[in-house]
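Welcome! Please take a moment to look over the sequence and the 3D structure, and then we can walk through them together.

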Amino acid sequence: MPDQLLFAMEVMLNGLMAGVMYALVALGFVLIYKASGIFNYAQGVLALFAALTLVGIQQGQVPFAHLINAVTGLHITHFGWTVPSALAILLTLGVMVALAIVIEKLVLKHLVNQPPIILFMATIGMAYFLEGFGDVMWGADIKKLDVGLPQGISETVESATDAMFGYGFFIDNLDIVATLVAVALVAALTIFSQYSKQGRALRAVADDHQAALSVGISLRFIWILVWSIAGFVALVAGIMWGSKSGVQFSLSLIALKALPVLMLGGFTSIPGAIVGGLIIGVGEKLFEFFAGPLIGGATENWFAYVLALVFLVFRPQGLFGEKIIERV
Amino acid sequence: MFYREAGDFKTSYREDSQTFPIKFDRLRFYAVLAVAYGVIPLLINDYWANAVFVPFLIYSIAAIGLNILVGYAGQVSLGTGGFMAVGAYACYKLMTAFPEVSIFVHVLIAGGITAAVGVLFGLPSLRIKGFYLAVATLAAQFFLVWLFNKVPWFYNYSASGQINAPDRTIFGVFVTGAQTSAMAKYMFCLVMLTLVAVVARNLTRGTVGRKWMAIRDMDIAAEIIGVNPLTTKITAFAVSSFFIGIAGALFFSVYLGAAEVGEAFGIQKSFLILFMVIIGGLGSIFGSFAGAAFLVLLPVLLKNLLVGTLGWPTDLAAHIELMIVGALIVIFLIAEPHGLAQLWRVAKEKLRLWPFPH
């Protein structure tokens, strides 16, 4: 096979893997949008906050150490113990659920029936707050996250493709794990929403708030539930992205990567988030590979948006979104 | 007692349709103008100009521009930073290419160029609505910033990739460059803001503004009663981008002096200006001023309090500032979703009845 084609195939595979990572973030958006009609800009910051908390608990950092030191003049940083990964993940999950409850009690409860733009702005406010809060709580330095996921280049893939094409593909082990986790996550979410009682309630709320209320479904409980699940998805995304590129502020910007995925897939569709993620991942990697060198590179920042924009002009509700019906 | 329509008889159509029909409002408006033009320029110094007044004036222009698009025409845009960058780079290219032309003209032309770019990115709004449109405008934001970073022609092939405002004068007084006095900066921005505000106010009162509002309230219904959605949406994008371009040009040439596109006109700027519009009040020119003032003053106050008074380290103060700004935005949205302009409206209603309770 010609080299160019092989390179393109490798780029495409890497694009698929990157797409899975985008889809992980996009999933959280879709869950919240479906259940409450809120476009949750804070999802990326939730992932950052989850990853920060995980690292902090794992390494036994003292929360708010910087603030305490500044006020009291002490010099404390760590408790001096480390927590095993599994326990740390569980504790972090607890923190995310607590956060969901706090968000519902303090913010969402008071904003029922406001226009969507106000809710959107409120989530941006929350994103600012959480960003500052996470930094104050755990410190703003770049942290390494290691929960025992395999790192580095997968040798199995390399040797297998080497035997097949005479050219070894470089695929990151972590990306393969991320793909498996994403598949498991989607399967679990689908089973949960199809077969459990709470899942059915969730779908009922997504369908029609008022009808759901009238048959005795507690809207507030559902909101807490869905924000907790979104927190869980954020934790998974935070672990994956954090293991890949370290836990730092730029992690919160993955939300911006997930937005074109959402546009493409439709705000209300879980399969849409996955397929959109894959299309965006492959599209931007291939575009960078073929056109990047001609026009100066670093096209990944905007290509996804332009692709989604052009796509939307032809199909305004996205790939799998519900058909928009407008009446006067 | 002194604030009411009763007894103030209008005898001509001109009087009847003036901007401030109540006498007290009119006097207050002239008083504000007199203070802004007559008192502040005499007292202003470099700190106040750079920290408070010049950013406030420039952000007010941008907020008015965005408010026309989001508040009056109902098209949510997150591309403000990118459009400001267009204004800034257009102004820079014009200033360096035609040094003999007045900067006043350059700023206006920069606004015009931004309007053209805005129309281009506004075209999809005919098909895409709501949050899909908001995300689609991010395409403009990221693409424009990338463009100004990657194409050296835009920054005249300078080694640093920055653009630097050359010295320019109006009536022999420096308004850009290092030798500019605080008063000149302030006055230049104030004149532009006054022009923009007057134009915006009158546009929104007239046919154009009513069409925008009809499209905002329900575009299909508006179309049925004969409002052309194409021209209406496009004019909203054009006018809004024109003002935002002026703000961008001033932000670069007068306020910053030197700018790097990703830093000065990034996505954060888009959010900041959208916050100004929301906190000030959607669909209100006064709200744009109020929102800009609030978000310019708040960080200055917090910084003075945390670093100056309490003596905390600056990085910690920056994080706490972020928390407080975020929390205040949420509190604000909960307490008064219609913004500062609504408080103003309520105050005026009360004033009308005062001193009686009902």
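In which loop of chain B is B:Asn156 found? B:Asn156 is in the loop between helix 6 (130-150) and strand 1 (163-164) of chain B. Helices (H or I, at least four residues) and strands (E, at least two) are DSSP runs, numbered from the N terminus.

## Before we start

This is a predicted model, in which local features need pLDDT of at least 70 and side-chain atom pairs count only at pLDDT 80 or more, while totals for chains, interfaces and linings use all residues. Residues are numbered from 1 along each chain as its sequence is written, and chains are lettered from A and ligands numbered from 1 in the order in which they are written.

## Chain A at a glance

Chain A has 14 helices and zero strands. The radius of gyration of chain A, taken over C-alpha atoms, is 21 Å, close to the 20 Å that the globule rule gives for 328 residues, so chain A is as compact as a globular protein of that length. The globule rule is 2.2 Å times the number of residues to the power 0.38. Along the principal axes, the C-alpha trace of chain A spans about 65 × 60 × 40 Å.

Of the 328 residues of chain A, 46% count as buried. A residue is buried if 20 or more other C-beta atoms lie within 10 Å of its own, exposed if 12 or fewer, and partly exposed in between, with C-beta atoms placed from the backbone. One residue to look for is A:Gly272, in helix 12 (residues 270-290) of chain A. A:Gly272 counts as buried, with 24 C-beta neighbours inside 10 Å. A:Gly272 and A:Leu27 are 245 residues apart in sequence, and their C-alpha atoms are 9.2 Å apart in space.

## Chain B at a glance

Chain B has 15 helices and four strands. A compact globule of 358 residues would have a radius of gyration near 21 Å, and chain B agrees with 21 Å. The C-alpha atoms of chain B fill a box of roughly 65 × 55 × 45 Å along the principal axes. Of the 358 residues of chain B, 46% count as buried.

Contacts also tell us about the fold; two residues are in contact if their C-beta atoms, placed from the backbone, lie within 7 Å. In chain B, residues 24 or more positions apart account for 76% of the contacts with a separation of 6 or more.

## Where the two chains meet

Now let us look between the chains. Here 38 residues of chain A are in contact with 37 residues of chain B. Helix 5 of chain A gives the most to the side of chain A that touches chain B, with 14 residues. That side has 28 nonpolar, seven polar and three charged residues. In this grouping, Ala, Val, Leu, Ile, Met, Phe, Trp, Tyr, Cys and Pro count as nonpolar, Asp, Glu, Lys and Arg as charged, and the others, Gly among them, as polar.

Two packed helices are described by the angle between their axes and the distance between the axes. Axes are lines fitted to C-alpha atoms, for helices over the stretch in contact, and angles run from 0 to 180 degrees between N-to-C directions. Angles under 35 degrees count as roughly parallel, over 145 as roughly antiparallel, 65 to 115 as roughly perpendicular and the rest as oblique.

Helix 3 (residues 46-72) and helix 7 (residues 182-205) of chain B pack at about 20°, with axes 10 Å apart, and are therefore roughly parallel. Their contact has 18 nonpolar, two polar and two charged residues. Helix 4 (residues 80-97) and helix 12 (residues 267-280) of chain B pack at about 110°, with axes 6 Å apart, and are therefore roughly perpendicular. B:Thr80, B:Gly81 and B:Met84 of helix 4 make this contact with residues of helix 12 including B:Ile273 and B:Leu274.

## Backbone details

Most residues other than glycine have a negative phi, and most peptide bonds are trans. B:Asn156 has a positive phi of about 50° although it is not a glycine, and B:Asn156 is exposed, with 12 other C-beta atoms within 10 Å. B:Phe171, in the loop between strand 2 (168-170) and strand 3 (173-176) of chain B, also has a positive phi of about 50°.

Finally, the peptide bond from B:Trp354 to B:Pro355 is cis, with omega near 10°. B:Pro355 lies in the segment after helix 15 (340-353) of chain B.
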